[in-house]
Amino acid sequence: MTLRTRVVLLERILPPPRPPTREEVQRERYWKKIERRLIFLVQEAEKLLTEAESEQISAVENDCKDDRNTPFDGWLRDLQWGRSRLPEITGAVMKALVSGWFHSDLDSFSSVCNQCGLQYPRLKTPPPHTWKVLPGKIPRVDPPPWYDLPEIFKVCPHCGASARDVTYSHLTEDMDLPWKALDGWMRTRG
Ligand SMILES: [Zn+2]
């Protein structure tokens with residue numbers, strides 16, 4: 001049997017890999033754009049990180065058993081799944097975000113700003129007996145917020161919308177949100 005025949009026979013048994021669908025090509029294109037923006041922003045943020053902040057990042061990385069599974073990686077996956085958006089943020093905002101994602105006391109849920117789609121980390125809620133009522137507020141009587149809970153971001157670090165005007169990242173998929181009309185989002189439909 002000639003080598004060519006072997007190849008032809010093989011082709012009969014195994015059809016050549018199918019070309020990517022139009023949708024796959026499109027998704028790849030969306031992701032490449034977001035990835036370019038991400039890489040640029042990571043470089044900008046790295047220039048601004050202090051030594052202490054870099055050490056904090058390394059400490060969380062070292063603590064993490066699976067090094068692709070830090071909250072930062074969770075953010076990247078959510079971006080890829082279209083659960084949030086990467087607006088054109090500044091290097092300073094990226095630095096604050098990166099430091100936030102490597103905070104040692106994060107909640108497993110994260111916030112997505114309902115206005116601009118930026119995803120940012122939340123701190124674990126402390127035990128209720130430690131909550132301090134905000135000055136001048138009466139819980140359940142005055143409009144919320146009532147308690148002074150520790151948060152990394154009290155407002156969206158990009159657009160300034162309230163940190164209460166958010167959706168958990170695992171809940172955004174089926175929602176119509178204004179940021180789904182903007183760039184920097186992995187369009188999941190339309
Ligand atoms: Zn925002």
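In what order do the three strands of the open sheet lie, and is their pairing parallel or antiparallel? The order is β2-β1-β3, with antiparallel pairing; strands here are DSSP runs (E, at least two residues) and helices likewise (H or I, at least four residues), numbered from the N terminus. Two strands count as paired if DSSP finds at least two bridges between them. The model is predicted: local features require pLDDT of at least 70 and side-chain atom pairs pLDDT 80 or more, while totals for chains, interfaces and linings use all residues. Residues are numbered from 1 along each chain as its sequence is written.

Strands β2 and β3 (166–168) form the edges of the sheet, each pairing on one side only. Strand β1 (residues 106–113) is joined to β3 by three antiparallel bridges, and Val112 stands opposite Thr167 in β3.

Helix α5 (91–101) is largely enclosed by the rest of the structure, because eight of its eleven residues are buried (20 or more other C-beta atoms within 10 Å of the residue's own, C-beta atoms being placed from the backbone). These are Val93, Met94, Lys95, Ala96, Leu97, Ser99, Gly100 and Trp101. They pack against α2, α3 (51–63), α4 and β2, contact being defined by C-beta atoms, placed from the backbone, within 7 Å.

In helix α4 (residues 71–80), the buried residues are Trp75, Asp78 and Leu79. They cover an arc of only 100° around the axis, which puts them on the same side of α4; the arc is that of the directions from the helix axis to the C-beta atoms. Their packing partners are α2 (22–48), α5 and β2 (119–123). Just after α4, Gly82 adopts a positive phi of about 75°.

Notes
A residue is buried if 20 or more other C-beta atoms lie within 10 Å of its own, exposed if 12 or fewer, and partly exposed in between; C-beta atoms are placed from the backbone. Two residues are in contact if their C-beta atoms, placed from the backbone, lie within 7 Å.
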